[in-house]
Amino acid sequence: MQGFTQYIYNGHVPTLFNQASFRFVNSQASLLVQTADFVAGTVARCYDETVLSSERASFVQLLKPKLLTLKYWPDVFAPVVAQGVPDQANYNAGLAELCVGLGQDFLHRKLASRSPQEIDQVTCLNYLLFHFRHVDPARYISSRELIAHIEERRGSLPSLHYFQTRVIAPLRDAGVIIASSTKGYKIPSCEGDLYDFINHSNTIIQPLLSRISKCRDRIRLATGGTIDLLEREEYANLKHLLADPALTGFGGNR
């Protein structure tokens, strides 16, 4: 107990403006601790192999509305894929392990971050990984559900734009593979999930490229070629893409 107290003070030092005491309490003297014991004991019967209950699936469903996340300590790196999915023909264990491993790597790098955006990213990714590994690896999670989970953690509701550009996008930029479709987001468990992401992105990217091409061409025509919206150096890659007729349906150079 003394060693654990020292560990808390060494690794989880409160800020100058948020001091807190740390002590042990006999559960018989605290209803709050008794409640924590009850909840922890129920969770243990869902995931602790030494006390697993045959009713664990029901326990998970009952706790789910209030269960923000589960943190395993110490971390176990293998196996990291979902369990109990032999009946799913489209489940690719190697691909699933890769995607979960990339997510775990991000968490290990960012768990101690104090940046509000990175805390939101960790919260979202933890939720995706938890559902993949312990609920249903095939299930897509809606933006609304993920945003609500972030709201529970931070105490305020993020916008959909913030969620897409400051949570999901940076996770993908960092190398985390997140599949998405009209049904929501998930950690990929098979090739089909990856193609869902590519197809969903394709329905957004190609129309955007076509609109940019139309706008550019009309401005060039109206100004006698004196204004080309893509002449700036920062648009060189976009200009190169639009030079391919297959991408826009019209072609950037005519």
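**Legends to close-up views of a helical chain**

**Figure 1. Overview of the elements along the chain.** Followed along its sequence, the protein chain runs through the pattern α-α-α-α-α-α-α-β-β-α-α-α, and its secondary structure amounts to 10 helices and 2 strands. The model shown here and in the views that follow is predicted. Of the 254 residues of the protein chain, 31% count as buried. When contacts between residues at least 6 apart in sequence are considered, 51% of them join residues at least 24 apart.

**Figure 2. The crossing of helix 5 and helix 6.** Two packed helices are described by the angle between their axes and the distance between the axes. For helix 5 (residues 116-134) and helix 6 (residues 143-154), the axes come within 9 Å and cross at roughly 125°, which makes helix 5 oblique to helix 6. The crossing in which helix 5 passes helix 6 is right-handed. On the side of helix 5, the residues that meet helix 6 are Ile-119, Asp-120, Thr-123, Cys-124, Tyr-127, Leu-128 and His-131, while helix 6 brings Glu-145, Leu-146, His-149, Ile-150, Arg-153 and Arg-154 to the contact. Sorted by class, this contact of helix 5 with helix 6 has 6 nonpolar, 3 polar and 4 charged residues.

**Figure 3. The crossing of helix 5 and helix 7.** Here the axes of helix 5 and helix 7 come within 9 Å and cross at roughly 75°, and the two helices are therefore roughly perpendicular to each other. Helix 5 takes part in the contact through Pro-116, Gln-117, Asp-120, Gln-121, Cys-124 and Leu-125, and helix 7 through Tyr-162, Phe-163, Arg-166, Val-167, Ile-168, Pro-170 and Leu-171. By class, the contact of helix 5 with helix 7 has 9 nonpolar, 2 polar and 2 charged residues.

**Figure 4. The largest nonpolar core.** This core has 27 residues, and those with the most contacts inside it are Cys-124, Leu-125, Leu-128, Leu-146, Phe-163 and Ile-187. At least two residues of the core are supplied by each of helix 4 (93-110), helix 5, helix 6 and helix 7 (160-173), and helix 5 gives the most, with 7 residues.

**Figure 5. The surroundings of Cys-124.** Once the neighbours within four places in sequence are left aside, Cys-124 is in contact with Leu-146, Ile-150, Phe-163, Val-167 and Ile-168.

Definitions and conventions: Residues numbered from 1 in each chain as written. Predicted model: local features only at pLDDT ≥ 70, side-chain atom pairs only at ≥ 80, totals over all residues. Heavy atoms only, no water. Axes fitted to C-alpha atoms, helices over the stretch in contact; angles between N-to-C directions. Helix = DSSP H or I, 4+ residues; strand = E, 2+ residues; numbered from the N terminus. Parallel < 35°, antiparallel > 145°, perpendicular 65-115°, else oblique. Left-handed = near helix turned anticlockwise from the far one by under 90°. Contact = heavy atoms within 4.5 Å. Nonpolar A, V, L, I, M, F, W, Y, C, P; charged D, E, K, R; others polar. Core = buried A, V, L, I, M, F, W, Y, C linked by side-chain atoms within 4.5 Å. Buried < 20%, exposed > 50% of the residue type's maximum accessible area, 1.4 Å probe, protein only.
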